Structures are given as structure tokens and as C-alpha cells.
Amino acid sequence: MMDRREPLHRIKSRRDSALSALVGGVPYLAWLGIRFDRRGDELTAILPYDEKLIGNPLLPALHGGVTAAFLETAAIIELAWTAMWEDMESGRTVPDAAMMISPPRLPKTIDITVDYLRSGLPRDAYARARVVRSGRRYASVQVEAWQDNRARLLAQATGHFLIPQG
Amino acid sequence: MTEDGKAMDSDQTRIAQQFIEAIPHARALGMRVDALGAGSATISMPWAEHLVGDPRSGVVHGGVVSALMDTCCGAAVMAHPSGPASTATIDLRIDYMRGATKGQRITARAECYHITRSVAFVRAVALDENTDNPVAAATGAFTVER
């Protein structure tokens, strides 16, 4: 049951620590510099520009593999976050980064198809994912990435994921 | 293959290695060109702690495999005998069959199996040291600039 009178700082700290428990335990995300912005339950993945992300030094343009990694990460975190939300808000399970012995298990990618729509500029990139369908074992997730302009997509992807059991 | 053929082959591989090292992200991942043929490429990279996507098993993140496959596919297009001036990824699908074993080198092999004036079709496979059991497979379409 939602508690209407629950103090705001407690709600925010519960949600933020659950999110950092998902993201914080993955070395590769820290190496790429990926972080997440949260507004209520809406997540936006952020990839701050860095020289090591460049794939074409002449243009210059972001590496296609970086774009793929960014989309895949946004999809995985969104899926894990969506799955966790109900339990978290009803107070059943609250993963907490500070209390964590081992990080929560993340969904495993079965396949991902990335559609490259523009070459990536040497600037920050953003991504939002949407869980199209999530069953008990499999999920289908759609994800879009952009840079300066939300309507001008850098890339989009559809991925299928295996949901961790137990 | 003749001695001359071998010399030319290693020369081409050396040029490809320089090409790879000019790509900041490929350099950051420690990629190495192992072989280059007519429309084919083999590129490998070492396992590293900071590339791990699953701390429980030490398996590298799928994105690392994507970056290696994408680079290797692009190299296969560039190595096509029709001599494309440049290439970019249109789309890339990756199937992950299993996690790459912790501590083992990952090797991608790509083949440009068809090319038109403006599009190259490529498939690739990623392996760790257990070469009988692929880690991932990819298929993609790439632009061809003439």
C-alpha cells in the first residue's frame, strides 16, 4: 500500500539508492561514464562525451559500438528498474547500495538490433527505453538515443532479454 | 601462398593495425588486428576488469562485444577487394550465445559476404579461447562510400 504521508526525503532516498544499486555495481558503466537521471519512475541514461568514445577521428564521430553499448545499457537498466519498482514502492524489497553484499542480478541480453540513424557527434548523448512486453522469462525492450534534439534520433534499438529467476 | 604474398599480407595487417590505433575507442579497448583478407578481418582484444558487465561472473559487458564486432565488420568492409573509400554501420544485430570467460582474450572474425555499389553485407562471430563454442554472432549492413 502506498503511504500518502510518507516523507518526501525518504521516498527519494529509497528510489535513488535502489537505482544506484542497479547501476553502481557495473565496472563497465563507470568506465564509459554512463549515469542515470530519474524523474519519478522515468529514467534517462546519460553518456557524457569523452575522447575515448570516438570511433572516427576524422569527422569526428562516436564509435558505433559505444552507441550500441549505451542503448543496451539503457534497456537493461530500464527493464531491471521496471521489474523492481512495484516491490520497492510497496516496501517489500528495497535494494540498497550501502547495504549491498552482492549487486542485484541484471537481465541478460539474448539479442539486440541497433539501427544507426545519424553519426554520433562529439557531445553528450541521452537514451530512454520502454519495456514493450515483459513476461516471466523473456522481455522485449525498445530504446531510443539522441543528442541535442529529442526528435532527431542518433540511433534506436530493439532487444530481447532473459529475466533473472529467483 | 608465396613469400611475396606473405610479405604483402603482413604489410596490410600492419597498416590495418595503424588504422585501428588511430580510432580512440579501439585503442582504449586494446584491439589488435590479427589477420586481414579479401573482405575479411580478424580482430581481438584482452579481457579487463573495467570492462566487466556482470561482477558476479567477471563476464565483460555486451557493449564491449558490440564494439569489437562493429570494428571488425567495418574492417572487413574496408578490406574488400573493390576498395571502398569509407564505411559506416547502417544496422547491426548481435546474438549473445554465452558470456565470454573471465580472463580470456576475445576474438572477432568478420566476413563481408556481399557488396553492392552502396551497401556491404557482413556477418561476424566472436570467440573466446574455447573456439568450438561461440560467444556471439552478428549480422549487419554497412554503407559503402566509393
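## Across the interface

Between chain B and chain A, the count is one salt bridge. This is a predicted model, and in it the bridge is formed by Asp111(A) and Arg93(B), with their closest N and O atoms 3.4 Å apart. Polar contacts across this interface come to 13 residue pairs. On the chain B side, helix 2 (24-28), strand 3 (52-54), helix 3 (62-78) and strand 5 (89-96) each put in at least two residues. Strand 5 of chain B gives the largest share, eight residues. Sorted by class, the chain B side has 14 nonpolar, nine polar and seven charged residues.

As for area, the two chains bury about 2,500 Å² between them, with 58% of it on carbon and sulfur atoms. In chain B, the residues that lose the most area to chain A are His25(B), Arg56(B) and His61(B), together 24% of what that side buries.

## Strands that pair between chains

Strand 5 of chain A (residues 108-116) runs antiparallel to strand 5 of chain B, and five bridges join them. Here Val114(A) has Leu92(B) as its bridge partner.

## Inside chain A

Now for strand 2 of chain A, residues 42-47. Five of its six residues are buried, so the rest of the structure largely encloses this strand.

What does strand 2 pair with? Strand 1 (residues 35-39) pairs with it in the antiparallel sense over five bridges, and Arg35(A) stands opposite Ile46(A). These two strands make a hairpin with two residues between them, and Gly40(A) in the turn has a positive phi of about 60 degrees. Strand 6 (residues 125-134) also runs antiparallel to strand 2, joined by three bridges, and Leu47(A) has Ala125(A) as its bridge partner there.

Definitions and conventions. Residues are numbered from 1 along each chain as its sequence is written. Chains are lettered from A and ligands numbered from 1 in the order in which they are written. This is a predicted model: local features need pLDDT of at least 70, side-chain atom pairs count only at pLDDT 80 or more; totals for chains, interfaces and linings use all residues. Side-chain values use heavy atoms; hydrogens and water are left out. Buried means under 20% relative accessible area, exposed over 50%, partly exposed in between (1.4 Å probe, protein chains only). Helices (H or I, at least four residues) and strands (E, at least two) are DSSP runs, numbered from the N terminus. Two strands pair if DSSP finds at least two bridges between them. Buried area is the accessible area (1.4 Å probe) that two parts lose on being put together, summed over both. A salt bridge is a side-chain nitrogen of Lys or Arg within 4 Å of a carboxyl oxygen of Asp or Glu. A polar contact is a pair of N or O atoms within 3.5 Å; within protein, one must be able to donate a hydrogen and the other to accept it, and residues adjacent in sequence count only if both atoms are side-chain atoms. Ala, Val, Leu, Ile, Met, Phe, Trp, Tyr, Cys and Pro count as nonpolar, Asp, Glu, Lys and Arg as charged, and the others, Gly among them, as polar.
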